[in-house]
Amino acid sequence: MLLATGLPPALPNGPRSPGGEARSDGPMAIPPYAVSNQPVLGLHRPGAAASGNIHHAGNRPAFYLDKESANRLHRAPISPGPAKPYRGFFRLHQSLRHVCIAINMTMKAVHHVDPLEVQASVIGDRLHLCSNFHVEKVVDSLRAAFCDVLPPDNAVRRVPRDIRDWDQVITARRWRHVQKLKETFASERSIALTIEKASREIESGIGLCKGTNLSTMEIIHQCASGFRTILAVLQDLRNVGHSNHVEVCYPLSDPSLGETLPPGITQTMHAEQCIEEYVATHSDHVYGEATRTLGLHQGKHVVVPMAGRFVPCAPCAEVEHHAMREGGFFDPARNRFVLCRSTSRIGRAFPREVQHIALHVLSPDDPFRAQERASWIRDQFTQGGQDLISHGAPVVLDYSLDTDSESSCDEGGL
């Protein structure tokens, strides 16, 4: 059980940054761990230098930074680049992203709750969905977005390139992407056209998921299966209001922290890590069902495309980085699952948020190794992060949308 005794008294709730990403712009009362007696969440990492100023609490490592510590992490701010085209297998990522944006928009507009982020993956004949918060609203929000919600007559789908106003940019994107989702999955014929485009591009070596042991035809089949699974889900939601092809993954939370955490400090496991942890803890079942659905032999890779409204934040990117090597769950050498993203961009490390870490993803066979890796990630962020993959990496500070372009007038960045 995660213990967080010793956290400071209530902190002021500051305004949210564009998109609700930052949790406060006001003065922070939590000093950096390295010079305070505030707890680091989880046990001391074996072999790490001990400090009398650091108090470790709880048994499970978790990410947490105050705003001052987050601002000290070294990044290279950049402006948004040109729009990227989604081609080949990455067309599937684009549709998953549209699913996530449709859910996010409808959760806010219809259910009046803020999920902060939604991520999705499609594996075999299952669409895996999760949100950082209010996950119980995810399926109905997707149903409402696809079946009920219509844009107002004056809805603007594109704004001029030079507009940096978040509300105008994101509102235009939302309506545009929901409309694109409805067009792509309008019928068997519309999805067949999308599959045909993706297949031709994959055959030409465009938009491939790297590092798999799959043939070109097997990659095409997994891509096509993903599109057909999403179509089946949306048809089910339209016809009967639910679907057996949906797997909703729930964030890890520690109820005992409810009265301990100061106001404004949230706790969750980020959506992509929830999906990844679910797959890791149900590995035999998910792999067996996926290989059966896809007609793959044992030992062939099952691609796990992951996409959301935003690029992965810095802690999530770090977890995924370690999960894809040296015995991590998505290490290709395991001959099971390969994680695939359409972007290499890394988002920010968000302060004032307890983020539980997906342990089984880091080391599915060795719980001690999983704890050690998670503790190392936690300690790197609290100590400045010089060995993190995000250290010095480019970051778009304004927005962290999952596209190389933040412009609403670029067709390629749909």
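Visitor: How many strands has the open sheet that contains β12, and what is their order?

Guide: Two strands pair if DSSP finds at least two bridges between them, and strands (E, at least two residues) and helices (H or I, at least four residues) are DSSP runs numbered from the N terminus. In this predicted model, 3 strands form an open sheet in the order β3-β12-β8, and the pairing is mixed. The model is predicted, so to speak of local features requires pLDDT of at least 70 and side-chain atom pairs count only at pLDDT 80 or more, whereas totals for chains, interfaces and linings use all residues. Residues are numbered from 1 along each chain as its sequence is written, and side-chain values use heavy atoms, with hydrogens and water left out.

Visitor: Why is one side of β3 and of β8 left without a neighbour in the sheet?

Guide: β3 (62–63) and β8 (266–268) stand at the edges and have a single partner strand each, so one side of each has no neighbour in the sheet. Between β8 and β12 (residues 353–356) the pairing is parallel, over 3 bridges. Here T268 stands opposite Q355 in β12.

Visitor: What is the order of the strands in the open sheet of 4 strands?

Guide: That sheet runs β7-β6-β5-β10, again with mixed pairing. Its edge strands, β7 (246–248) and β10 (307–308), each pair on one side only. β6 (residues 126–131) pairs with β7 in the parallel sense over 3 bridges, and L129 stands opposite V248 in β7. Helix α7 (residues 271–281) packs on this sheet, where α7 touches β5, β6 and β7; the direction of α7 makes about 135 degrees with that of β6. Contact means heavy atoms within 4.5 Å, and axes are lines fitted to C-alpha atoms, for helices over the stretch in contact, with angles from 0 to 180 degrees between N-to-C directions.

Visitor: At what angle do the axes of α9 and α11 cross?

Guide: The axes of α9 and α11 (residues 367–382) cross at roughly 145 degrees and come within 11 Å. In α9, A314, P315, E318, V319 and H322 meet R373, W376, I377 and F381 of α11. This contact comprises 6 nonpolar, 1 polar and 2 charged residues; Ala, Val, Leu, Ile, Met, Phe, Trp, Tyr, Cys and Pro count as nonpolar, Asp, Glu, Lys and Arg as charged, and the others, Gly among them, as polar.

Visitor: Which residues lie nearest the centre of the largest pocket?

Guide: Rolling a probe the size of a water molecule over the atoms shows where empty space is left. On a 1 Å grid over the protein atoms alone, a cavity is a set of points where a 1.4 Å probe fits but cannot get out, a pocket is an open set with protein on both sides within 12 Å along at least five of seven lines, and lining residues have an atom within 4 Å of a point. E320, M324, L339, R341 and T343 lie nearest the centre of the largest pocket, which 22 residues line. That lining holds 13 nonpolar, 4 polar and 5 charged residues. Both α9 (314–323) and β11 (337–340) supply at least two residues of the lining.

Visitor: Which element gives the most to the lining of the second largest cavity?

Guide: α6 gives the most, with 3 residues. The lining residues of this cavity include F89, V122, Q222 and P305. They divide into 7 nonpolar, 4 polar and no charged.
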